[in-house]
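Here's a quick tour of a protein chain, from the overall build down to a single side chain. Have the structure open as you read.

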Amino acid sequence: MSSDCLDYLIKLPDITKKHNNGNIENVKYIFTSHSNLIPLSNHKVKIKQLSYYETSIVIRKKFDESRISNTDISKIHDLSEGVVMKLLQIMTYLESASAQEVISQIDIFDDAYFIENIPESIIDNINILKTDKNKANTFTLIKILSVLKNGESITNIKKTKHGRELTIVNTKEIIDLGLGIAIHIDRNTTIIKITPIITDYILSIMSIDEINSISEDYLLVSIVESKDGFKLNSVNRKIIDSEFNTEGDNGCVILINSINKCLLNLKSELLSLEDKEKNETKLNKLKYLSNVYVYALKNSSRFKETINSSLSIINSLDEFIGSDKYKYFHYLAYSHRMIGEYDLAMENLEKAKNTLINKDKKTQRMLISEELLLLEKKDIKKSINLAEKTINEERNDTVCHLTAQVIITTNNKEITKKDKIEKLMSIEKKSRILGFNTLSNNILFRLNKYQDNSNKLKNINKILSTDASQYNVIRARLDKYQILIENNMLNEIDERTITELKNIYDYLFTQRLDALFNKCHDILWKIAEEIKNIEIIYYIYSKGILIWWLNSDKKTEKKYLEKLTKLDEK
């Protein structure tokens, strides 16, 4: 250590006092080093990855919407994986290039970046694992977890030929060497995740064949086939819903890798006729699997992941998806509408209509329903015009026809409240008889705007007992708890309810459903005030302020700051 450096450290307390009104009681000094300092090994600071909202705040401090759109921010967050150093690297490039140019740059994190940002001790540890035959299993685990970027449980990792020999001894070694972390999602679920920068480095030293082979091996571990069809495995689903999900989910990443492997095989001139047929069969299965996987994401109300996966599949496999392209654009339109991004929803809906080759009635009606609901948010006059056209042209036992009736009834200012209730109840009954439960329950939500609390609760309970949509179940639960609070019935809210509300809160934060997030925030705050749980208040305030700042919602920000200040004064 140089004398200047030593002198600076000696004077540091005095410098701190000078800039902190003479107080150093609550000041903490954090030092970083590329060297492994044994005496300080028990003193560590765990830095979490940035959330989407935190990434947005960092970018918005430097660039406004005229330079970088909210969609660009979402892509930048996925590219940076919430890692501060990666974000700073991206922002350096943004100084001299457009967002699209930076996002599309393949080698933005090159060898020089890894050398500069990964400590030598970490590189040395990786090289030891790579060359020491006794450490082969641990290095295999690192490679698997680098492909499964969002992490996985050792139980699931052991389910394939690549992971069969791996144990918790290997996971402990990865953690001890500072290459990854263990994340305890709940009592039954612990995943191992490699640090993102290290993941990128490991992938850069792996062959394409190796990456594709691991992807193919874990495809049906991340995406599970059951009697009801394909679905996310429970661990993958929990990762998606947690704060640790930083980019395209594991299922989408390994799907694309598996498809690329098949496409690469088919280009080989050395492929036998038999192998060619096998690869073509596998490719068709992967094409089907891609569609049902994204459909499963959409149906499970994972809108952010639906958007990411749809865009990844369209961008990576444009020619491969062919006539199915309209489906992905429809998934994008639906998901963007659900999170309130109506311009992007309309843009993708138009693409869905333009890429629809087989213009069958069922698909056309599905797109009409989507357009009716989207126009209701963007241009009510156009929505009513389309609704009238739909009623005249479509059968009265279709979802689009009933949706059109609902829109006209809800938005007709000449109809009395009593007539609206009667008409909506009639449409809901018909819809329920036809088996359109989601539409029926959405009508009940509209009905509740005109009804008393007793009838509201009756409708809410009906929704909760008949709807499979997580989004609608959350809406119903929030409405129910809001009614209980408004009627001073907090005695019906127990510890289980609070846990459920916290899970709902985290889901809404992750999925960027701002309106419902604010509603849940208000409910949780009131409950926490009543039961005097300051931990809940601090937790939800720390997340809420990110959203209010980004949305320039100074009114809500001020409201809760005043509430928090009053609590701190007590």
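Is H336 buried or exposed? Keep in mind that this is a predicted model. H336 comes out as buried because its relative accessible area is 6%, and the cut-off for that label is under 20%.

To find the residue, go to helix 18, which runs over residues 325-338 and holds H336. The H336 side chain makes a polar contact with the side chain of E341, at 2.6 Å. E341 also turns up in the list of residues that H336 touches, once those up to four places away in sequence are left out.

Now zoom out. The secondary structure of the chain amounts to 30 helices and four strands. Buried residues account for 46% of the 570 in the chain, and H336 is one of the buried ones.

Some whole-chain numbers to keep at hand:

| Feature of the protein chain | Value |
|---|---|
| Span of the C-alpha trace along its principal axes | about 85 × 80 × 45 Å |
| Accessible surface | about 30900 Å² |
| Share of that surface on carbon and sulfur atoms | 51% |
| Distance between the centres of the positive and negative side-chain sets | 5 Å |

Those two charge sets hold 84 positive and 80 negative side chains. And what about contacts along the sequence? Counting pairs at least 6 apart, 61% of the contacts join residues at least 24 apart.

Conventions
Residues numbered from 1 in each chain as written. Predicted model: local features only at pLDDT ≥ 70, side-chain atom pairs only at ≥ 80, totals over all residues. Heavy atoms only, no water. Helix = DSSP H or I, 4+ residues; strand = E, 2+ residues; numbered from the N terminus. Buried < 20%, exposed > 50% of the residue type's maximum accessible area, 1.4 Å probe, protein only. Contact = heavy atoms within 4.5 Å. Areas by Shrake-Rupley, 256 points an atom, 1.4 Å probe, with all protein chains shown as cover. Lys, Arg positive; Asp, Glu negative; His and termini not counted. Charge placed at Lys NZ, Arg CZ, Asp CG, Glu CD. Polar contact = N/O pair within 3.5 Å; in protein donor to acceptor, adjacent residues only side chain to side chain.
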